[in-house]
Amino acid sequence: MTDAVLHHARIALVGNPNSGKTALFNALTGARQKVANYAGVTVERKEGMIRGASGRTMSVVDLPGTYSLRARSPDEEVTRDVVLGRFAGEASPDVMVAVADATNLRLVLRLILELKAVGRPMVLALNMYDIAERQGLRIDIEGLRAELGVPIVTTVATRKRGLDDLVAAVEAELAAQPASLPSAWTSPDAEGIRAAHREAGRIMRAHVRPPEHPDTLTGRIDSVLLHPVFGLAILLGILFVMFQAVFAWAAPLMDGIEALMAGLGGLVAAALPDNLLRSLIIDGLISGVGSVLVFLPQILILFLFIILLEDFGYMARAAFLMDRIMGGAGLHGRAFIPLLSSFACAIPGIMSTRVIDNKRDRMATILVAPLMTCSARIPVYTLIIGAFIPQQTVGGVFNLQGLVMFGLYAAGIVSALGVSFLIRRVFWRGRVEPFMMQLPAYKAPDIKNVALNLWQRAMIFINRAGRIILPLMVLIWVLSTFPYPPEGATGPAIDYSFAGMIGHAIQPLLAPIGFNWQMSIALVPGMAAREVAVAALGTVYAVGDAESATGVLASTLAAQWSLASGLAFLAWYVFAPQCAPTLGVVKRETNSWKWPIIMFVYMVALAYLAAFVVYQGARAIGWG
Amino acid sequence: MSDSFPLSQARVGARGVIVQVGDHGDHDEHAIELERRLLEFGLVEGARIEVLHEGGIKRDPIALRVDEAVVALRRREAASLMVRADDAA
């Protein structure tokens, strides 16, 4: 009895991608899940607790989907190592649950043959069994059980059918305490895989009768969505709606978060005397964390779309449609979703590059992700465009300010493609990684799964961003606060601080690109997040509350800067790595300082070059 | 084998049976790895395939029905698969 209390039996879910494995995990554990990372690698570890009919508690882990234990990506390596009990700090599972899409058994049968060689007790869950029944697919479960030698349970994760049976089967395996055989698994060569396929094919013919009414809906939808012309047009339409939603729906929520943070600052201001601690809490922590939290609504709306499209089965199609276009720039089709996310914020974009198998493809994607125009650039672009670009109509239909904004987005996309082309076609020539993926059958997304997934995304972003951002905020606050201005100083306090010193020190370097010392100083706190530069410019030009008084700040800038300087500042912001949290996430995801340093250097170089060309070019045509 | 052709040349609607995966003369590490990955995706000798869709640029990539599943791959990788046209089709 003490044994049962001290030692939770460990259950691992293993299966192909798209087998409904995560839906089954969610149905089993509900919201009682812990999402963390496996030690030493940035692969998500999802664990939950379940209680069997006997009252015994068991821990369930959802292992990343794979076609084979012969792992290729970091995700698949985790699955292999946990299954084989090789993962340091992870005991090997007491019972494996192989999760199979009942309508698509052939590939998972081959995986099950591999898993059987591992020698741990196993239960097979035939998931999506309702769809198999609807299609008239006949599975001889008794025969299959005898053939494979493992208990079989049919489940419908989305309707919570068969869950009790599954848990009971797992408990029966635990109670039977079958002798664990030493693992006989070895990485199969091509002949081994062929032999396993023949065996799987034989089992299929003996025990599975093909469906009487196979799914034709997926084929009919694909003939539209994968159409070479309409398919791309529909993809663009979906992206358009998505961006509309990200920017239109998020606005009231973002205003709400800003008001909340301002209110919190006000409360602290009222509660504490005017001293350093108050300044640290209000100007450092609250405004700093608020400047990142404010992007949460946009990130959540973007993720809502991505999760819905993913669960519907569309994302594999989007990768199919985009593969050739991205491939021209040396990027993998799977880089599409990470780069798309980067339009809201590069941090979730970089975190979602984990789906890319090949290390070089993944690094190339990480390196160019911050070139996508994230929403933190928008306040900066809006301020500078408002100050320097006249509100006028060009060619009868286009708004000039809108055109410049569009040009800045386009510059980000084109430069990302150019940089990835350079990386993959010049520096890292080598082989082109194969593009192979299953196109799963379309399914209606399950609301509960979507909600749970979205909640987890939000928590991961807050957690990850918070842990990196807090210390950075304190550092940047220190730089902008100390030392104090001398008695009787007339300029803004930041001018006398370390940030001011850095700004003055780098200003000669930035003179060729048209930056005055005020602009140079604003770049230092602007390292926290791009839009902080707006507030920093407000501080150096002593325009109180710059964010709500952008009109005042814009007219100040228009009076103080030349047009050439304004345009150079825009060009700088297209490229510059003005976001320490992004660099911190790159460090975490790559486990090395090498990549954030490379990213910083190449982006600063591009930013300087672009601003130099723009400034000198603008002066040459008399805009100086 | 005279009527077999590389899958990379197939157009939408082509049906057949895979008769060879990988170039068995090629012992380069990359070719061996590609062969294993194709096999793991169910692209194995004897599998029935049908080309369902093509991409817009250079008709690449392609989507195939492979037995019960649908798989997308580039023509570049499809060149490693020899297919015999289905007489019944």
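Of the 89 residues of chain B, 44% count as buried, a residue being buried if 20 or more other C-beta atoms, placed from the backbone, lie within 10 Å of its own. The structure is a predicted model, in which local features need pLDDT of at least 70, side-chain atom pairs count only at pLDDT 80 or more, and totals for chains, interfaces and linings use all residues. Residues are numbered from 1 along each chain as its sequence is written, while chains are lettered from A and ligands numbered from 1 in the order in which they are written.

Confidence comes next. Chain B has an average pLDDT of 88, and 90% of the residues score at least 70; pLDDT is the predictor's confidence in each residue, from 0 to 100. Where pLDDT is low, the predicted coordinates should not be read in detail. For the complex, the predictor gives an ipTM of 0.93 and a pTM of 0.83.

Chain B contains six strands and two helices, arranged from the N terminus as β-β-α-β-β-β-α-β. Helices (H or I, at least four residues) and strands (E, at least two) are DSSP runs, numbered from the N terminus. Of the contacts in chain B between residues at least 6 apart in sequence, 62% join residues at least 24 apart; a contact requires C-beta atoms, placed from the backbone, within 7 Å.

Where the two chains meet, chain B contributes 33 residues and chain A 30 residues. On the side of chain B that touches chain A, two or more residues each come from α1 (29-40), β3 (48-57), β4 (60-66), β5 (69-73) and α2 (75-78) of chain B. The element α1(B) gives the most, with eight residues. By type, this side of chain B has 14 nonpolar, six polar and 13 charged residues. Here Ala, Val, Leu, Ile, Met, Phe, Trp, Tyr, Cys and Pro count as nonpolar, Asp, Glu, Lys and Arg as charged, and the others, Gly among them, as polar.

Strand β12 (residues 436-438) of chain A is joined to β5(B) by three bridges, in the antiparallel sense, and A:Met436 has B:Leu73 as its bridge partner in β5(B). Five bridges join β4(B) to β5(B), also antiparallel; here B:Arg65 is partnered by B:Val70. Axes are lines fitted to C-alpha atoms, for helices over the stretch in contact, and angles run from 0 to 180 degrees between N-to-C directions.

Chain A has an open sheet of seven strands in the order β2-β3-β4-β1-β5-β6-β8, with mixed pairing. Its edge strands, β2 (33-37) and β8 (152-154) of chain A, each pair on one side only. Neighbouring strands of this sheet are turned by 25° against each other on average, direction ignored. Within this sheet, β1 (residues 9-15) and β5 (residues 95-101) of chain A pair in the parallel sense over five bridges, and A:Ala12 has A:Met96 as its bridge partner in β5(A). Helix α4 (residues 106-118) of chain A lies across β1, β5 and β6 (122-127) of chain A, at about 170° to β5(A).

Notes: A residue is buried if 20 or more other C-beta atoms lie within 10 Å of its own, exposed if 12 or fewer, and partly exposed in between; C-beta atoms are placed from the backbone. Two strands pair if DSSP finds at least two bridges between them.
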